[in-house]
Amino acid sequence: MRHLLFLHLLGASVWVGGHLVLLSGVLPGALRQRDPQPVRHFEQLYERIGIPALLVQIVSGFWLASLWLPHAQWFDSSAMARLVQAKLVLLVATALLGAHARLALIPRLDAQRLPQLGVHIVLITLTAVAFVWVGSGFRFGGLLG
C-alpha cells in the first residue's frame, strides 16, 4: 500500500504543482500582455505529464479507497465514506472543467477569451488544492479534522 500511496502523492504533486505554476507564473503575464500563447505553450508542455499524473491519481485513488473502505460502504455516513464522496465530487468537477476547457475554451482561445480561461484556471487549481485538503483527511480523521 505504501508504493500505491507514493504514486498517488506523486501524481498529486505534478497535477497540483503544474496548475499552481500555470495560475501564478504563466497566466498573469499572459493576461497583462493579452497574449494566449504563453498559456498554449504551457498547456502543450504540461499535458505530457499532467494528464498521465491525473490518470495515476484516478487509478491509485480508486484502488486506495477500495483498500480503506469496501465499495459497498462508499456512500455511508462515516468520516471515511465522506472523504471518498468528496474525492468523487472533486473528480467529477475536474472532469467537467477539463472537458469544458478542451472542447470549448482552448480550441477558440484568443486574447478576448483569455480572461474566461483565466477563471477556468482558477477553478481547476482550487479543485486540485481541494483534492489535497480532502486527501489529508484520510490521515487526520475527516474533512475538518
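Hi everyone. A word on the ground rules: this is a predicted model, so local features need pLDDT of at least 70, side-chain atom pairs count only at pLDDT 80 or more, and totals for chains, interfaces and linings use all residues. Residues are numbered from 1 along each chain as its sequence is written, and side-chain values use heavy atoms, with hydrogens and water left out.

Let's start with charges. Side chains of opposite charge can pair when their charged atoms come close. By salt bridge I mean a side-chain nitrogen of Lys or Arg within 4 Å of a carboxyl oxygen of Asp or Glu. How many salt bridges does a search of the whole structure find? The search turns up two.

One joins Glu47 to Arg102, with N to O at 2.1 Å. That pair links distant parts of the chain, 55 residues apart: Glu47 sits in helix α2 (residues 37–68) and Arg102 in helix α3 (residues 79–105). Helices here are DSSP runs of H or I with at least four residues, strands are runs of E with at least two, and both are numbered from the N terminus.

Now to the surface. Met1, Leu5, Leu9, Val59, Trp63, Leu67 and Trp68 make up a nonpolar patch with about 700 Å² of accessible area together. Patch residues have over 30% relative accessible area and no salt bridge; nonpolar side chains (Val, Leu, Ile, Met, Phe, Trp, Tyr) are joined within 5 Å, like charges within 9 Å. Areas come from the Shrake-Rupley method with a 1.4 Å probe, and for residues only the protein chains shown count as cover.

Which helix gives the largest share of the patch? That is α2, with four residues. Both α1 (2–33) and α2 supply at least two. Met1 lies in the segment before α1 and is exposed at 53%.

Finally, the record. An unreviewed UniProt entry annotates "transmembrane region" at residues 6–28, 49–68, 88–105 and 117–136. Such positions follow the numbering used here, feature names are shortened, and annotations may be inferred rather than shown by experiment. In the model, residues 6–28 are 100% helix and 0% strand, with end C-alpha atoms 32 Å apart. Residues 117–136 are also 100% helix and 0% strand, with their end C-alpha atoms 29 Å apart.

Definitions and conventions:
Buried < 20%, exposed > 50% of the residue type's maximum accessible area, 1.4 Å probe, protein only.
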